[in-house]
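These are my notebook entries on a structure that is new to me.

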Amino acid sequence: MSGVGVARAPASESPESATAAPALEARGIVREYGPVTAVAGIDISLQRGEFLTVFGPNGAGKSTLLGLLSGALRPTRGDVFVNGTRLDFGGVDWRHDVGVLSHQGFLYAQLTVEENLRFYGRLYGLRDLDRRIPERLADVNLGDRSNSFVGQLSHGMRQRLALARALLHDPDVVLLDEPYTGLDPSAAAVLRGVLTGLKDGRRTVVMVTHNLGEGIALATQLAIQVRGHFAWKGSREDVDVADFERLYHRVVEGRA
Amino acid sequence: MSAYLGQIYAIVWKDLLLELRTRERVVAMGAFAVLSAVLFNYSIDRTAVRPQDIGAGLIWMTIVFGGLLGVGRTFHLESEDGAFRGVLMSPVPKDAIFLGKTLSNFVLLYVVSLLIVAVFMLFFGMEIGTSPAVLGLVLALGTLGFVALGTLFAAVSSGTRMGETLLPILLFPVLLPMIVAGAGATERLLAGRPVSEVVGNIRMLAAFVLMAVAAGAVLFRFVVED
Amino acid sequence: MTGKGIRSTGTALALLGLVGMLLVYWLSFFWVSTDRLQGVSQRIFYIHVPAAWTCFLAFGIAALTSGMYLWLRDERLDRAAVCAAEGGMVFGTIMLTTGPLWGAIAWNTYWNWEPRLILTLLLWFIFLGYFMVRGSTENPEKGKRFAAVVAIVGALDIPLIHLSVIWFPQFLHPQPVVVKPEGPTLDGDMLTVLLTSLAVFTTLFFGLFLLRYALETLRAEVRARERAATA
């Protein structure tokens, strides 16, 4: 009963490539909240260096999908793999490979910028924090703010700090949940710069957003999620960018 | 192992730093303790009952209610910007998160429990007895067991619609061993009885702490999972 | 066992238990000899003791299946836990009402801080928390996990609570008369009625437990079909 998703495959399907395991793989993941099914059978397989953007209307289950991919939520059915390791809520080792930027910052308002990063750095067992923290802060243009309390930062600055926090441990797999929400143009530019920097061939990125322009700009793979499953997915090269908005509306309204 | 301890330390450091900045919980618990002592004074007929006779019980009930104020807020600051989700997504074993939170709650409540004892002595002219170090140990074990179960059940209740209202309903029934052994030992120590009379109580408290910490460390991951 | 098998076994056990209950009433009112010291009021003992035993048995099953649920995440284990816990609440309530009724005559006071009574009372409250937690989460799966945690902590704490309450120097409760090293000291006919009653209560509990379990299974099936229909 894994829904009527377009993208649905039995869990027993053999891996498509005989080479290395995909950097990020989801096999038939389903997530139910009691009577509500937020994710209704989604398969994802991303090789190292790929960038998947998932679009979709509010309530399509995009954040739940990201929660499942990050191991924050446990799938009701199906499995997620990072570099071939199955995500398990109690596990810790694979968490070193995953970085998450949510629409919440995961920051403590009463701690300074530097203290927040130091706290997370210690949780990740990083040893070179005195060097690493200033570097990351410089990446997001917050180099002069390390002693400011997070509660006093603007929304844009907090979002940039949240980005520095998500990337502090240099993860292979980066998951971004609506990162552009509420950002002013200059903060959005910094974010775009950092995200572009993530396309270094080593990292794998999944971003969920309803911002079509920013979403297409960086992606190698695109998907449109409607009511818990991928109603459409395709490669960036096969898409007529100018026509994507029309495609999006057609898919969301169920006319594709 | 040292990485594990480092992660626990990071959580304790962060919690205590936050408490130092906001002073929310210590001030609330401390004020509660002093005000309770004042109200207790007017709730008993001091010509009929000597405060020394019921002091130990009042001290422990004040610790329980004051502690409830403190542990109930454990996950409050954490949820403001979703920070606790960030902690859960980090490679820290869930039992280390539990031990870190329990330890920082313990530091706060232990300080408050010493304050409570001091206030009762000051207000009611009670004597500390002949073994203040043993009394300190009894309070330490009692508060540690309390915060271990309190932290676990605070995580449970903060995940429900009822929130902190649920906490005493979950916590009080399982606190009985702590109250019996803790208040009993305190009463004898304050009365200047020899330490040998409270060895049994200390064993009971130690067993309670062991059960509470072990259960919390094992079960915490099932509570914080989403 | 199939759903149907569970239902018919449950019905059979529950009917057997109800008929047996009539027998227990008849035995304890008309057949068994009156206690020389306590008089007629002692007859409530044939309900009180088996209810207490069934209550602890039920909560034991609930805690055990809760622990297994957290480990294996099989819905059936959670269903078993909640059904057993409900049974425990019912029989615990019987124990908690018959105890004071008897105490009113024997001790001349309804309430007495008697260790086993307090133990049952606290157990009853632990499982009250179990049901409150279960019912107050948005996501039912979370409620099941929370409830299981409450049940396990309760089960681990019960031995300590027991040791603590018997520390208090109040021993009004009758001392054990059946299970003790030198053998039972209860008169033959009283022992017969007590053991019959224990068997009947246990049978009735398992009958009700299986019926409740079958009902929960049907409910889960309805929910699954509703979900399939809306998807």
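Entry 1, domains of chain C. I looked up the division of chain C and found domain 1 (1–31 + 185–231) and domain 2 (43–171); such bounds come from an automatic or database domain assignment. The model is a predicted one, in which local features need pLDDT of at least 70 and side-chain atom pairs count only at pLDDT 80 or more, while totals for chains, interfaces and linings use all residues. Residues are numbered from 1 along each chain as its sequence is written, and chains are lettered from A and ligands numbered from 1 in the order in which they are written.

I then noted that the C-alpha centres of domain 1 of chain C and domain 2 of chain C are 18 Å apart. Between the two domains, 17 residues of domain 1 of chain C touch 17 residues of domain 2 of chain C, where contact requires C-beta atoms, placed from the backbone, within 7 Å. On the side of domain 1 of chain C that touches domain 2 of chain C, H1 and H6 of chain C each supply at least two residues. H6(C) gives the largest share of that side, 14 residues. By class, I recorded that side of domain 1 of chain C as 11 nonpolar, four polar and two charged residues. Here Ala, Val, Leu, Ile, Met, Phe, Trp, Tyr, Cys and Pro count as nonpolar, Asp, Glu, Lys and Arg as charged, and the others, Gly among them, as polar.

I read six helices and zero strands in chain C, in the order α-α-α-α-α-α from the N terminus. Helices (H or I, at least four residues) and strands (E, at least two) are DSSP runs, numbered from the N terminus. Along the principal axes, the C-alpha atoms of chain C fill a box of roughly 70 × 40 × 30 Å. Of the 231 residues in chain C, 40% are buried; a residue is buried if 20 or more other C-beta atoms, placed from the backbone, lie within 10 Å of its own, exposed if 12 or fewer, and partly exposed in between. Among contacts in chain C between residues at least 6 apart in sequence, I found that 76% join residues at least 24 apart.

How do helix H1 (residues 3–31) and helix H6 (residues 188–230) of chain C pack? I found an angle of about 150 degrees, with the axes 7 Å apart; axes are lines fitted to C-alpha atoms, for helices over the stretch in contact, and angles run from 0 to 180 degrees between N-to-C directions. H1(C) and H6(C) are therefore roughly antiparallel, a term for angles over 145 degrees, with under 35 as roughly parallel, 65 to 115 as roughly perpendicular and the rest as oblique. The contact of H1(C) with H6(C) has 18 nonpolar, 12 polar and one charged residues.

A:Phe106 is not a glycine, yet I noted a positive phi of about 60 degrees. A:Phe106 lies in the loop between strand S6 (98–101) and helix H2 (113–123) of chain A. A:Phe106 counts as buried because it has 24 C-beta neighbours inside 10 Å. B:Arg23, also not a glycine, has a positive phi of about 55 degrees. I located B:Arg23 in the loop between helix H1 (2–22) and helix H2 (24–43) of chain B. Is B:Arg23 buried or exposed? B:Arg23 has 11 C-beta neighbours inside 10 Å and so counts as exposed.
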